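Please read the numbered points with the sequence and the model at hand.

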Amino acid sequence: MTSETINATAAGTWKLGDLTVNRLGFGAMRLTANADGGPSDRRRAIAVLRRAVELGVNHIDTASFYFSSLRSANELINTALAPYADDLVIATKVWAGRDASGDWCWASPPQLRGQVEENLRQLGRDHLDVVNLRVPRSKATGSVAEHFGALAELREAGLVRHLGVSNVSPAQLAEARTIAPVVCVQNACTVGVPREEREFIAACGEQGVAYVPFFAIAGRGREAGVVGTEHDPVLAVARAHGVSPAQVRVAWTLGLGPHVLAIPGTGDPAHLEENVAAGALRLTEEDMALLSGVPHV
């Protein structure tokens, strides 16, 4: 496939509420730093964002806490893409936050408005398309009602258009949906996902809720990116299709269901094109079955 024919529309579309997005999107986390932890090249990061939109990406995932010593993902997005195209959907997340020193902090319900307004300022917008409530690991089994209720009030006030939840259990999704409509779930998910999460993915589809996996390529490497050797089934499928293991992982993500969106991130223009090209890759039932045998780690 040549760069002229690569386009995110090949992955198909899904609706986040009333907003139609291509199922192949872009995650902004890796824009701000290099592999060694130093700040990214600003011009290159801006070029990656502009190229993503040229390739049909109209769903960008970001957060105000995506920053390095000199770079802010939201500021890069604003510089690269404002004034924003009418069909561009930008999703962000709150509850999690980082102070000026980079240390993590977690907002109280009344503080969520400040986090929403921070995203608005950085992105240069008067409302946010989608805001995900990012649940801390320490609250894996706790109630999200107070925090999600505060976000629902911001939605009623017009600061937020649609709401999602991130890092949640099925029970937490169900609780949130009793408070306000939920358009998406963002959970960590990669090849080798346990059966319980597969069942949750299917349940989201039945409810018309988008499922948006993060760390689909990085897997157990999480924020550090891909680590260790690749699993044999992933390599076998990659060889069969003449593609990279990362492209197999993106295609696997999209193969989980029509409601599943992919948001692979990169600060490298070549990797961007590779990721977007994976939206046209169709894995067979045999491929998906083989990949389901990858152990969960």
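1. How far apart are the mean positions of the positive and negative charges of the protein? The mean positions of the 27 positive and 32 negative charges are 2 Å apart. Lys and Arg count as positive and Asp and Glu as negative, while His and the chain ends are not counted. Each charge is placed at NZ of Lys, CZ of Arg, CG of Asp or CD of Glu.

2. On the basis of the note: this is a predicted model, in which local features need pLDDT of at least 70 and side-chain atom pairs count only at pLDDT 80 or more, whereas totals for chains, interfaces and linings use all residues. Residues are numbered from 1 along each chain as its sequence is written, and side-chain values use heavy atoms, with hydrogens and water left out.

3. Overall form. The C-alpha trace spans about 50 × 40 × 35 Å along its principal axes.

4. Surface and interior. Of the 297 residues, 54% are buried; buried means under 20% relative accessible area, exposed over 50%, and partly exposed in between (1.4 Å probe, protein chains only). The protein exposes about 13,000 Å², of which carbon and sulfur atoms supply 52%. These areas come from the Shrake-Rupley method with a 1.4 Å probe, and for residues only the protein chains shown count as cover.

5. Contacts along the chain. Among contacts between residues at least 6 apart in sequence, 74% join residues at least 24 apart. A contact means heavy atoms within 4.5 Å.

6. The protein contains ten helices and eleven strands; helices (H or I, at least four residues) and strands (E, at least two) are DSSP runs, numbered from the N terminus. Seven strands form an open sheet in the order S3-S4-S5-S8-S9-S10-S11, with parallel pairing. Strand S3 (26–27) and strand S11 (210–211) stand at the edges with a single partner strand each, so one side of each has no neighbour in the sheet. Two strands pair if DSSP finds at least two bridges between them. Within this sheet, strand S8 (residues 128–134) and strand S9 (residues 160–166) run parallel and are joined by six bridges. Valine 130 stands opposite histidine 162 in S9.

7. Strand S1 (residues 13–16) has a covered face formed by Trp14 and Leu16 and an uncovered one formed by Thr13 and Lys15. Four bridges join S1 to strand S2 (residues 19–22), and the two run antiparallel. Asparagine 22 in S2 is the bridge partner of threonine 13. Two residues lie between the strands of this hairpin, where glycine 17 takes a positive phi near 65°.

8. Threonine 32. This residue is found in the loop between S3 and helix H1 (42–54). Threonine 32 is buried, with a relative accessible area of 4%. Beyond its neighbours within four places in sequence, threonine 32 is in contact with residues including Pro39, Tyr66, Phe67 and Arg71.

9. Two tryptophans. Tryptophan 95 is found in the loop between S5 and strand S6 (96–98) and is buried, with a relative accessible area of 3%. Although tryptophan 95 is not a glycine, its phi is positive, at about 90°. Tryptophan 104, in strand S7 (residues 104–106), counts as exposed at 52% relative accessibility. Leaving aside its neighbours within four places in sequence, tryptophan 104 is in contact with Phe65, Ala96, Gly97 and Arg98.

10. Further backbone points. The peptide bond from alanine 82 to proline 83 is cis, with omega near -5°. Proline 83 lies in the loop between helix H2 (73–81) and strand S5 (89–94). Asparagine 167, in the loop between S9 and helix H5 (170–177), has a positive phi near 65°. Asparagine 167 is partly exposed, with a relative accessible area of 23%.

11. Threonine 284. This residue lies in the loop between helix H9 (269–277) and helix H10 (285–291), and counts as partly exposed at 34% relative accessibility. The C-alpha atoms of threonine 284 and valine 237 are separated by 9.7 Å, with the two residues 47 apart along the chain.
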